[in-house]
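Here is a short tour to read alongside the model. Keep the viewer open and turn to each region as we reach it.

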Amino acid sequence: MVDRRSPYTTWAAVVAVAVLMATSPGNAQEAPSEAFSPVEVQELVLDNGFRVLLVEDPRVPRVAASIWFRVGAMQEHYGEHGSTHFLEHAIAQGTTTIGTVDFEAERAILEEIRATEDELVAERNAVRNSLRQREVFFEELAWPGNERLRELRERLYELEDRQAEYRIHWAEYNWYRRHGGIMRHTDPVPATTGNEYMDFDIDLPRERVELFFRIEADRMSNAVLRGWEAQRFTVLEQILNRFNRPETGRFSEALNGATAIVHPVYLTPGGHLRDFAYYDRASMLRMYDDYFVPNNATLALVGDITMDEARRLAERYFGRIPRGPEPPARMDVEPEPPPGGAIRLEWHEPMDSRVVVRYRIPGLGHQDRPAFDTIAAALDGPRGMLASREHGGGRIGTALGVRFSANARATGSQSTIDLVGRASRDEDLPAVEAAILEAVESLRDGGIEASALSRARKALRLDWERIRSERARLSEELGRFQVRNGWHVMQPFMQARQRASAEEVRRVARRYFVPWNRVIAVARRDIDPPAGDHLVSDPGSGDGGRP
Amino acid sequence: MMSTGARRSRVTPAWPPRLLRVLVVSALAFAVCGCGRGEENESAGVLPGHSRPVVEHDWPHPRDVTFPDNEFVPPDPAAAAFTTDSGLRAHVVPEASEALVRITAALPLGRLHERGGEEGASGLLASLLTRQGGTASAARRISALGSELELRQELDLTVLSAEVLAEDWLEGLSAVVETLRRPALDEDVIRGHRAGPGYASPTSGVAGPGFRPKVELERLLGGHPLAPPDAGTRVSVSAVRALAERSLGPETVVVGIGGGVERATVEDALQQLTDGWRQAGDVGTVADSFGEPPELSASVYTVDVPNWTTTGWIAIGHTMPPVPPADRPALEVAAEIFNVRLNIAVREIRGLANKTVLELPESTDHGGLAHLRTGGRAESIGPLIHYSLEELARFVDPEDTITAKELADVQGGLALSKWQAALDGSRRASAAYAVETARRGNTEQLLQWPQEVLAVDAEEAKAAARKYLDPDKMVAVIVGPMDRIQQARHPRWPVALDDLEPMRLAR
């Protein structure tokens, strides 16, 4: 227990922890699919606000570590969409002590880079009215500019080339790798940025976990921007990869755009192509200085490590970093659409035939939210309620070869559940849409089948057991819940979705599955694409901002 | 250890004098630098563009930190091994604390096992084993347990796996074993089957076996069985049956079971499930080397995908002969080092692509297609090919040297990261042992891997690279919007595609 009045608690305040999950008297009689195996989460909060969450699991001598910052696409400004994701890459290029052979030499160049970029921003402001987009749409990768902007950009390249003489590439990544770091994805930037968070995560041998504290404390406080201009295009490639697939790019973004009026939780993390031209170091460093402070960070550790060990390391590294000013605390809201405002989106770019029926649902932490995971699990897959709807005397999934899926998005803000049917033929789409809407109606009428509910509960229990038994996944869930709502919500949520009753399903279905809360999107395989004369500004003309 | 209940963390306050000194020094530095007075950027403690000072510290540099010996010990494969009376080999790795069980079945089934007239049969047979199908299908039974039956197929190996709750392990194991023992070879499904194009989508990213440029390169360099069968290929019922006869037997299948199970119970179940299972025929492969590619008239080929995409995808490679076990560690080390250099050259320095990776063949003898896979916006395509091949040429140049740091970084990654990840816990270890036994008959190489990797020196890695990778034999296939790619010029790295003399693939 913390005694904050004690002079000895200057460093840390702690708290314990505890998720007293529910060992109610009835548990012994629970059906297996309702059984819930809790984990014991310990919590430590340093005096500077840095939070440590820890679950001990000594079965394998390794530790999954992830550090979470409450900053994501929702914190971006207009004209800089994708800047948080870009920042993730920008601060993975080393620090004042890592990734350099002579930082003092670099520092002088950084001053020149700043001055040059100031000039570039000033020039852009000066010619803003000649560069701004006046057509309806912009040409992808056409970055308007003028000769002066080109010269300044060229100068920035030259300065970065000079800076690169002192640079050690992939320094942090290679230290992690040398010491056995397992990274969730194979990218040299071991991080993820979403709408609501950014995290860096590694799984290390237990005896080397100090490396994580060393590198991440440094990254949080002393990151140095290196190779910025090349990064601009590397990150852009990730975005292009998404945009070039309609289902993950344009179609998805249009669907999100139709879902909300103002809420930034529907922004696409990673941003927009044109914005990449306008990122500048100064605004990104403002974001870094604002949000990368110990009082906005949570470290989630799962594995063969005790809280005593974690505390010693946390105090040595993160405890050294001064508490920062509280990050901006903007609260985002979405106004309720008027009744009768059901939206239908007909997509005119050829892609796989599909119907998406989307409803808005509450965010994590709301009492109604767990049941939507139960609903998604009951509807999902080739054996789910959607695929099982009757069609021509058989199951529609089999009869028409339709692949059905259901997914309830997990965010702290308002969210969505998507019911999707992928058909092999366009002409089956009306039947697919009808089947989805019939399934929704049956949920509203309390018609969830006992077998579907039982299967859903089992699938959710399996999912929780996977989270509980995989270090990296548990570390990830702890961090995500912490930034979205609070880590202590994780287990009640997991338990509640596993135990949602037919009546609870009916109740939330009646409340949320109503037409004015719905968006239906239809995409077809055989459809004439738009005419070739796109409404872009001047295709192929603009690369003026680039050397 | 996971347990129920809660525990409070007790704080032992600490205020070591050294720390106090650092704080005082930091505070002084903060005061001297003028922070908080609106002149941060002019101060010595604030980096250009920042609004807050650098955090001064005495943290050791990673190069100066030494760590205790690594303690990881994988589950003992000898203790896990078990063979049924029918000849089925299994690895049972119990872990009482686990609430889950992973069931894996690995068997020699892939394109290399297809004989004349059987083109496409391995993929179709694997699909039949795992399709939802009738009431007795394994996929349906696993689905009823809230899980999914997963399928992975390589040139000469197929792996089926599922993860289920511990209470469902017997039903899960029965579903997997019974589908292999009594496969539902639905004749209507076989007759209606036509081989697909072999790739998932024209421009779907760098990952996966369905990466189209790789498939096109395989077709160009070897055709079947290096490449998937051509689109539209029909497979006869007799071909599927013949392949099933040869591949699906108790002595060919290796099962892994790891997690919350008891060994004795699993052994009893396996005995019963395999009792009377007839042995399979000769499963031998039909091709054991892809070392001699055909004579080609060009080194760059293109496939036009004219749609709204702005990105082109590339595979650059050549066929590779089998790699003897003695050469494997050095070749893996070399490939990893090259991958770092390659990405620094094309990604970090030039910003041409998000990811570029050299992949070695995954077949059991490591023969097959060695290739680089990458992709980027139109203006990047020419430079990506140019600089990738330039980097490879530099890497195999005898004058070039591998540094001690490069070697140590990669050796750590292979020995401590990849290897431990494959054997991390009872479920993964059981799967890894099953796959390794299906490939090589035992787990010896797998267990010796860390020592073998750590024993590789720079010269050996270099020699392996020169022996197996040849930039002069590399052939590139580009898939994408070719008009756009042809016209594009990168402003900083203007390598025109025309300079590479591309030849359009007839499609």
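What share of the 547 residues in chain A do buried residues make up? They make up 63%, where buried means under 20% relative accessible area, exposed over 50% and partly exposed in between, with a 1.4 Å probe and protein chains only.

A word on the ground rules. This is a predicted model, in which local features need pLDDT of at least 70 and side-chain atom pairs count only at pLDDT 80 or more, while totals for chains, interfaces and linings use all residues. Residues are numbered from 1 along each chain as its sequence is written, chains are lettered from A and ligands numbered from 1 in the order in which they are written, and side-chain values use heavy atoms, with hydrogens and water left out.

Taking the contacts (heavy atoms within 4.5 Å) in chain A between residues at least 6 apart in sequence, 83% join residues at least 24 apart.

Two strands pair if DSSP finds at least two bridges between them. Strand 4 (residues 62–69) of chain A runs antiparallel to strand 6 of chain A over eight bridges, and one bridge joins A:Ala65 to A:Ile202. Strand 5 (residues 191–193) of chain A is also antiparallel to strand 6 of chain A, over three bridges, with A:Ala191 bridged to A:Phe200. Four residues separate strand 5 and strand 6 of chain A, and the two form a hairpin.

**An open sheet in chain B**

Chain B has an open sheet of six strands in the order 1-2-6-3-5-4, with mixed pairing. Strand 1 (81–83) and strand 4 (150–153) of chain B are at the edges with a single partner strand each, so one side of each has no neighbour in the sheet. From one strand to the next, the twist averages 20 degrees; axes are lines fitted to C-alpha atoms, for helices over the stretch in contact, and angles run from 0 to 180 degrees between N-to-C directions.

Strand 4 of chain B is paired with strand 5 (residues 158–165) of chain B in the antiparallel sense over four bridges, and B:Leu151 has B:Leu160 as a bridge partner. Packing on the sheet is helix 5 (residues 169–181) of chain B, which touches strand 3 (100–107), strand 5 and strand 6 (254–259) of chain B. The direction of this helix 5 makes about 10 degrees with that of strand 3 of chain B.

**Cores**

A nonpolar core is a set of buried Ala, Val, Leu, Ile, Met, Phe, Trp, Tyr and Cys residues joined through side-chain atoms within 4.5 Å. The largest has 72 residues, of which A:Phe292, A:Leu301 and A:Phe318 touch the most other members. Helix 7 (residues 228–243) of chain A gives the most to this core, with seven residues. Beyond four places in sequence, the contacts of A:Phe292 include A:Phe69, A:Met198 and B:Arg52. A second, separate core has 62 residues, among them A:Val60, B:Ala370, B:Leu446 and B:Ala458.

| Residue | Relative accessibility |
|---|---|
| B:Thr274 | 0%, buried |
| A:Asn174 | 6%, buried |

B:Thr274 belongs to helix 9 (residues 263–274) of chain B. A:Asn174 lies in helix 5 (residues 171–178) of chain A, and its contacts beyond four places in sequence are A:His169, B:Val340, B:Lys405 and B:Asp409.

**Enclosed space**

How many cavities of 30 Å³ or more does a search of the whole structure find? It finds nine. On a 1 Å grid over the protein atoms alone, a cavity is a set of points where a 1.4 Å probe fits but cannot get out, and lining residues have an atom within 4 Å of a point. Grid points are joined across faces, edges and corners, and a volume is the space filled by probe spheres set on the points. The largest cavity holds about 160 Å³. Its lining has 16 residues, with A:Leu110, A:Leu225, A:Arg281, A:Leu285 and B:Pro48 closest to the centre. Helix 2 of chain A gives the most to this lining, with four residues.

Notes: On a 1 Å grid over the protein atoms alone, a cavity is a set of points where a 1.4 Å probe fits but cannot get out, and a pocket is an open set with protein on both sides within 12 Å along at least five of seven lines; lining residues have an atom within 4 Å of a point.
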